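Welcome, and thanks for taking a look at this one. Please open the sequence and the model side by side before reading on.

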Amino acid sequence: MTRTLTIRRPDDWHLHLRDGAMLRAVLPHSAAHFARAIIMPNLVPPVVTGAEAAAYRDRILAALPEGADFTPLMTLYLTEDTDARDVAAAHASGLVTAVKLYPAGATTNSASGVRDMDRVRPVLERMAEIGLPLCVHGEVTDPEVDIFDRESAFIDRVLDPLRARVPGLRVVMEHITTSRAVDYVRSAGSGLAATITTHHLVINRNHILAGGIRPHYYCLPVAKREEHRLALRAAATSGDAHFFLGTDSAPHTDPAKLQPCGCAGCFTALNTLPILAHVFEDEGALERLESFASLNGPAFYGLAPNAPRITLERAAPDIPAGIDTDDGPVTVFDPGFPLRWRVAPESSSC
Ligand SMILES: NC(=O)N[C@@H](CC(=O)O)C(=O)O
Ligand SMILES: [Zn+2]
Ligand SMILES: [Zn+2]
């Protein structure tokens with residue numbers, strides 16, 4: 001039986017760090033395990049310009065614990081008023097790694113997102129020219145479309161036409177939740193990839209709704225049927241370079257989650273690696289965890305994989321049920337089973 005697993009340090013290709021007190025509380029947990037992360041720009045107000053991304057990066061770096069080895073990879077929040085020259089300059093200076101498309105109203109803090117894709121065409125064409133990837137929250141917002149079908153409808157109505165119109169654009173379909181998305185991404189060339197979250201490998205929609213409603217499992221895109229969870233597990237553990245880890249760790253305080261209209265998001269920064277080791281071992285694919293968590297993402301983004309290693313060992317991790325922040329308590333995602341892998345204490349970077 002494998003007792004330890006040493007892999008290159010992983011990166012998180014989709015992470016919400018928030019700002020202020022929440023940033024200070026959650027950042028050390030990501031920095032302890034991950035070398036780099038794509039930082040989502042859906043603050044209030046959103047991170048739209050290069051200047052705003054530079055200021056946000058400074059706040060993140062200032063909140064890093066002493067000695068942490070962590071690089072935030074910044075993104076810009078695409079709006080219908082985004083200036084292609086500002087985007088190109090932010091890319092040329094090395095400040096931003098991607099631009100994020102939120103269909104307006106699709107998810108947390110997406111009100112300033114895009115309503116009409118034609119209005120962002122010039123920016124997308126510029127991004128294709130300079131090789132700057134677009135990360136997409138892939139759900140339509142049409143109230144006529146059932147929430148469980150919104151990802152699939154996005155592929156047909158938005159993503160496929162977009163890729164046809166701007167063929168050179170590199171796209172990451174974020175936090176995919178359906179076998180349809182797995183098949184679509186897998187059959188594309190190297191210009192399309194997908195992130196898969198920790199929680200979508202673990203829960204299906206029954207976990208949210210059967211036997212009582214569990215707000216801490218509510219995230220967007222909402223978890224789907226079991227067959228979709230199995231397709232995601234197969235994709236993640238296959239080693240296929242189209243798929244890599246984006247935890248979508250999305251902290252909200254308990255009062256914000258536990259109310260008549262609760263926020264979407266699962267907080268997985270603390271226990272992602274123990275959960276992934278568990279899932280990959282259950283799938284007989286421990287030797288492919290490194291591809292998913294540490295190799296496929298850098299390859300898509302044209303970056304070198306991290307040289308330092310991290311070691312996982314077979315032992316129950318000591319993970320709290322929640323953390324306290326000056327904004328209020330935040331519940332840690334509960335996988336619903338006892339974990340049997342932990343990050344070796346000396347492997348943590350802080
Ligand atoms: N995934 C979520 O359920 N929530 C994210 C937004 C997002 O990634 O869609 C958040 O910012 O809280
Ligand atoms: Zn999203
Ligand atoms: Zn997210």
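The notes below cover the ligand shell, the annotated residues and the helix packing.

Please keep in mind that this is a predicted model. Ligand 1 has a shell in which six residues are polar, four nonpolar and one charged. Lys 100, which carries a UniProt annotation as a modified residue, is buried. Helix H6 packs with helix H8 and also with helix H5.

**Around ligand 1**

- The residues that surround ligand 1 are His 16, Asn 42, Thr 107, Thr 108, His 137, Cys 219, Leu 220, Asp 248, Ala 250, Ala 264 and Gly 265.
- From the UniProt record, an unreviewed entry, comes a "binding site" list of His 16, Leu 17, Arg 18, Asn 42, His 137, Leu 220, His 252 and Ala 264.

**His 16, on the UniProt list**

- Look for His 16 in the loop that runs between strand E2 (11-15) and helix H1 (20-33).
- His 16 has 25 other C-beta atoms within 10 Å, so this residue is buried, the cut-off being 20 or more.
- Beyond its neighbours within four places in sequence, His 16 touches Met 40, Ser 249, Ala 250 and Pro 251.
- From His 16 to Leu 64 the C-alpha to C-alpha distance is 15 Å, and the two are 48 residues apart in sequence.

**Ala 264, also on the UniProt list**

- Ala 264 sits in the loop between helix H9 (254-257) and helix H10 (272-282).
- Is Ala 264 buried or partly exposed? With 15 other C-beta atoms within 10 Å, Ala 264 is partly exposed.
- Contacts of Ala 264, leaving aside neighbours within four places in sequence, are with Thr 107, Thr 108, Tyr 218, Cys 219 and Leu 220.

**Lys 100, an annotated modified residue**

- The unreviewed UniProt entry gives Lys 100 the annotation "modified residue: N6-carboxylysine".
- Lys 100 belongs to strand E5 (residues 96-101).
- Lys 100 counts as buried because it has 26 C-beta neighbours inside 10 Å.
- Setting aside neighbours within four places in sequence, Lys 100 contacts Met 40, Pro 41, Thr 75, Leu 76, Tyr 77, Leu 78 and Cys 135.

**Helix packing around H6**

- Helix H6 (residues 179-186) meets helix H8 (residues 226-237) at an angle of about 30°, and their axes are 8 Å apart.
- Angles under 35 degrees count as roughly parallel, and H6 and H8 are therefore roughly parallel to each other.
- On the H6 side this contact uses Ser 179, Val 182 and Arg 186, while H8 supplies Glu 227, His 228, Ala 231, Leu 232 and Ala 235.
- Sorted by class, the H6 and H8 contact holds four nonpolar, two polar and two charged residues.
- Helix H5 (residues 150-165) packs with H6 at an angle of about 30°, with axes 9 Å apart.
- Glu 151, Ser 152 and Ile 155 of H5 come together there with Arg 180, Ala 181 and Tyr 184 of H6.
- The contact of H5 with H6 has three nonpolar, one polar and two charged residues.

Notes
Residues are numbered from 1 along each chain as its sequence is written. Chains are lettered from A and ligands numbered from 1 in the order in which they are written. This is a predicted model: local features need pLDDT of at least 70, side-chain atom pairs count only at pLDDT 80 or more; totals for chains, interfaces and linings use all residues. Axes are lines fitted to C-alpha atoms, for helices over the stretch in contact, and angles run from 0 to 180 degrees between N-to-C directions. Helices (H or I, at least four residues) and strands (E, at least two) are DSSP runs, numbered from the N terminus. Angles under 35 degrees count as roughly parallel, over 145 as roughly antiparallel, 65 to 115 as roughly perpendicular and the rest as oblique. Two residues are in contact if their C-beta atoms, placed from the backbone, lie within 7 Å. Ala, Val, Leu, Ile, Met, Phe, Trp, Tyr, Cys and Pro count as nonpolar, Asp, Glu, Lys and Arg as charged, and the others, Gly among them, as polar. A residue is near a molecule or strand if its C-beta atom, placed from the backbone, lies within 6 Å of it. UniProt positions are given in the numbering used here, feature names are shortened, and annotations may be inferred rather than shown by experiment. A residue is buried if 20 or more other C-beta atoms lie within 10 Å of its own, exposed if 12 or fewer, and partly exposed in between; C-beta atoms are placed from the backbone.
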